[in-house]
Amino acid sequence: MRDGASPLARAAGAAPALALFLAVALAWEFGVRLFDVPAFLLPPPTAILAEMAGSSELLLRNLGATMLAAVLGFLIGTGFAVLLAIVFLYSRAAERALFPWAITIKTIPVIAIAPLLTIWLGYGLAPKVAIAAIICFFPTLVNAVKGLRTVDAQALEFMQVLGASRAQTFRHARLYAALPYVFAAAKISSSMAVIGAIVAEFTGANTGIGTLIVTAGYQMDATMLFAAIITSSLATIALFYLVTLAEKACLFWPEARIDV
Amino acid sequence: MNAGSARPLDPALGKAAAPPVIEIDGVSVRFDSAQGPVDALSDINLGIAAGSFTSIIGRSGCGKSTLLRAITGLIRPTSGSVQVQGQSSADYQRTRRFGFVFQGDSLFPWKTAAGNVEMPMEVVQGMPRAARRKRAEELLRLVRLDGFEDHYPAQLSGGMRQRVSIARALSYEPEILMMDEPFGALDEFTRREMHDEVIRIWRSRPLTVLFVTHSLSEALYLSDRIVVMAPRPGRVKAVIEVETPRPLDPSARTSAAYLRQMTELEALLDA
Ligand SMILES: Nc1ncnc2c1ncn2[C@@H]1O[C@H](COP(=O)(O)OP(=O)(O)OP(=O)(O)O)[C@@H](O)[C@H]1O
Ligand SMILES: [Mg+2]
């Protein structure tokens, strides 16, 4: 129902959330000033905004490095997961052999392997992309495996009656059946990819929001910390929105979207 | 139990004018489930004459859908054999295709009405896009759905979706059409309209129809023969020749002969 609403109605729908947000910001601003909270503990929102404006060049440069890793990792992780799901669809043996490995990968805490990947892949882009990809991989794999198999049994029987090849059945049926599931996973993993990239930057990187956060942390620069956090959040929201746009374009038929 | 022998429950075998296009010989289907084996079909013997309209009626679970699946080769009979035009279903499938209207919905939600009807033409015949579209429009007109070509299944009513299924089944010009309760979701009015529609389609081309239904009056109105099935195990109880098939006249539903056959059928189903 939400999609059909006019922009005005949607703005009206967002009003309560916006009002609450403003109220919190105002309370924060005046609370900090009223109780004289030192800036290194909790800077007022205006100071954070000023920092973001003043260091915009620094923030954007580091954000670029982080988001590049996040997006690349997201694409690689998602793409690899979908490919593997297709392999599983046609080879039970591959599924039995590889699925335990996939689950094992899932149980490894990424923070624990981040330093290892830095040792193996160096201080550049590669370890960040790897972490982001690993994070995106599992939820998409599980959903894609499920989605590819959700085609209605009678629709599959109809393809069989037609004598359709595997490729034809895939192109006309399974692909579309899987898309809603893949997108449901992609929406979640797109934001997790950014977190993955930042975590990778904690353990060793030259640039990125993660390095900014580590440096600001050493310097007890709360204002910079907040500026970095807010900048990466905004970028994450933008990425999520892009994925949602892609979803809208790909899930063109009614009632396609699922909530997982 | 050879193919030629007429069985007591099947007096019509061999009596039809045309040679049988489908010969079902001692077909049994057993499903193994966790609750133990289910005899969905037990020793079915039937001959279906080319160009005939045969209805299959019987209680829910008596194996009607299973019989259609066994004929089309979607499931392999546990024993017995099915011959279609003198070949096994699998061999028949190599060159020809069965038309199939499934019980319930089997349209692709991501394809429009026209897209769903076009799909078999692409898969089976590799027909080019423009020709496909033109033919899909013709077929949708045939089932009275002109103007709904670009609607998705979710935007159509249950009865409209079933009519798309019928257009889709006809799109690749099958000689044999299986219809599994195609009008289950229709109200009585649309249902009667569709009956005359189906008869019109059946008359307009060389088509053998196997039609599963729960409705006695539907079976009587449409078919040359009615196969009455009984459950546990799924078997043929009787085969009835319809005295006045396809009257194309609603008042025929109240004629003496019609009502007599109706009573006969009800007695068979209750027995
Ligand atoms: N794939 C299957 N696995 C196990 N049992 C099955 C399967 N398909 C059908 N059966 C069983 O076979 C029997 C006949 O089923 P079938 O679907 O042919 O009945 P039907 O006459 O078409 O019923 P309805 O009128 O309700 O559609 C039922 O008892 C059913 O439980
Ligand atoms: Mg059935």
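Predicted model: local features only at pLDDT ≥ 70, side-chain atom pairs only at ≥ 80, totals over all residues.

Biologist: Let's start with chain B, then. Which domains does the assignment give for chain B?
Modeller: The domain assignment divides chain B into domain 1, made of 20-97 + 175-270, and domain 2, which covers 110-174. Taken over C-alpha atoms, the centres of domain 1 of chain B and domain 2 of chain B are 24 Å apart.

Biologist: How many residues from domain 1 of chain B and from domain 2 of chain B does the contact take?
Modeller: Domain 1 of chain B contributes 19 residues to the contact, and domain 2 of chain B contributes 13 residues. The area buried between domain 1 of chain B and domain 2 of chain B comes to about 1300 Å², with carbon and sulfur atoms giving 65% of it.

Biologist: And which three residues supply more than any other three of the area that domain 1 of chain B buries there?
Modeller: Those are B:Arg97, B:Ile201 and B:Arg205, which supply 33% of the area that domain 1 of chain B buries against domain 2 of chain B.

Biologist: What about charges, how many salt bridges are there between domain 1 of chain B and domain 2 of chain B?
Modeller: The count between domain 1 of chain B and domain 2 of chain B is 1 salt bridge. As for salt bridges in chain B, B:Arg144 forms one with B:Glu197, and the closest N and O atoms of that pair are 3.3 Å apart. Across the interface of domain 1 of chain B and domain 2 of chain B there are also 4 residue pairs in polar contact.

Biologist: Which elements give two or more residues to the side of domain 1 of chain B that touches domain 2 of chain B?
Modeller: They are β7 (176-180) and α6 (188-204) of chain B, and the largest share of that side, 5 residues, comes from α6(B). Sorted by class, that side of domain 1 of chain B has 10 nonpolar, 2 polar and 7 charged residues.

Biologist: Changing topic, what surrounds ligand 1?
Modeller: There are 13 residues around ligand 1, and the closest are B:Ser60, B:Lys64, B:Ser65, B:Thr66 and B:Gln103. A polar side-chain atom of B:Gln103 lies 2.8 Å from an oxygen atom of ligand 1. For B:Glu181, an N or O atom in the side chain is 3.2 Å from an oxygen atom of ligand 1, while for B:Cys62 a polar backbone atom is 3.2 Å from an oxygen atom of ligand 1.

Biologist: Now the two chains, how many residues of chain A are in contact with chain B?
Modeller: In that contact, 21 residues of chain A meet 26 residues of chain B. Chain A and chain B bury about 2100 Å² between them, and 63% of that is on carbon and sulfur atoms.

Biologist: Which elements of chain A give two or more residues to the side that touches chain B?
Modeller: Those are α7 (153-161) and α8 (166-202) of chain A, with α7(A) giving the largest share, 7 residues.

Conventions:
Residues numbered from 1 in each chain as written. Chains lettered and ligands numbered in written order. Heavy atoms only, no water. Domains from an automatic or database assignment. Contact = heavy atoms within 4.5 Å. Buried area = accessible area lost by both parts, 1.4 Å probe. Salt bridge = Lys/Arg side-chain N within 4 Å of Asp/Glu carboxyl O. Polar contact = N/O pair within 3.5 Å; in protein donor to acceptor, adjacent residues only side chain to side chain. Helix = DSSP H or I, 4+ residues; strand = E, 2+ residues; numbered from the N terminus. Nonpolar A, V, L, I, M, F, W, Y, C, P; charged D, E, K, R; others polar. Near = heavy atom within 4 Å.
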